[in-house]
Amino acid sequence: MPSVQKTVVKKSHKFVIDCTAPAGKIVDVAAFEKYLHDRIKVDNKVGNLGSNVVISKDKSKIIINTTIPFSKRYLKYLTKKFLKFKQIRDFLRVVATTKNTYELRYFNIGDSESQE
């Protein structure tokens with residue numbers, strides 16, 4: 001029997017965290033990028049990003065490119081931890097806008113008061 005060569009295609013995932021609404025006013029995007037860089041775990045080890053996970057900043061957006069299986073939910077978890085760390089979790093929420101994008105939005109406090 002002839003041997004069959006299997007080609008492994010690495011899937012690339014691109015995730016975006018959009019901080020345009022609170023950028024500059026409340027959220028420091030550079031500090032958030034550093035926080036993600038310091039906290040993301042690869043193979044259960046912090047600081048093991050290598051070339052598998054690349055974090056970049058584009059104005060007020062943070063882009064995470066991965067070549068390994070990576071959970072979008074994990075990015076939401078880390079984003080919420082960052083907001084809690086900066087004590088701004090009470091003002092902002094993390095909302096999924098598309099399949100690979102999260103957005104930081106302000107809570108609509110005025111709408112809930114007018115309904116009561």
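Student: Why is Ile26 called partly exposed?

Tutor: In this predicted model, Ile26 has a relative accessible area of 34%. Buried means under 20% and exposed means over 50%, with partly exposed in between, so Ile26 is partly exposed. Ile26 sits in the loop between strand S1 (13–18) and helix H1 (29–39).

Student: What makes Lys72 buried?

Tutor: Its relative accessible area is 18%. The cut-off for buried is under 20%, so Lys72 counts as buried. You will find Lys72 in helix H2 (residues 72–85). Leaving aside neighbours within four places in sequence, Lys72 is in contact with several residues, including Phe15, Ala96, Thr98 and Tyr102.

Student: Now to strand S1, where Asp18 is found. Why does Asp18 have no salt bridge?

Tutor: The nearest side chain of opposite charge, Lys61, is 4.7 Å away. A salt bridge has to be within 4 Å, so buried Asp18 has none.

Student: How do you know that Asp18 has a polar contact with Thr20?

Tutor: The Asp18 side chain reaches the backbone nitrogen of Thr20 at 3.2 Å. The limit for a polar contact is within 3.5 Å, so this pair qualifies.

Student: Which residues does Asp18 touch, not counting those up to four places away in sequence?

Tutor: Asp18 touches Ser60, Lys61, Tyr102, Glu103 and Leu104.

Conventions
Residues are numbered from 1 along each chain as its sequence is written. This is a predicted model: local features need pLDDT of at least 70, side-chain atom pairs count only at pLDDT 80 or more; totals for chains, interfaces and linings use all residues. Side-chain values use heavy atoms; hydrogens and water are left out. Helices (H or I, at least four residues) and strands (E, at least two) are DSSP runs, numbered from the N terminus. Buried means under 20% relative accessible area, exposed over 50%, partly exposed in between (1.4 Å probe, protein chains only). Lys and Arg count as positive and Asp and Glu as negative; His and the chain ends are not counted. A polar contact is a pair of N or O atoms within 3.5 Å; within protein, one must be able to donate a hydrogen and the other to accept it, and residues adjacent in sequence count only if both atoms are side-chain atoms. Contact means heavy atoms within 4.5 Å.
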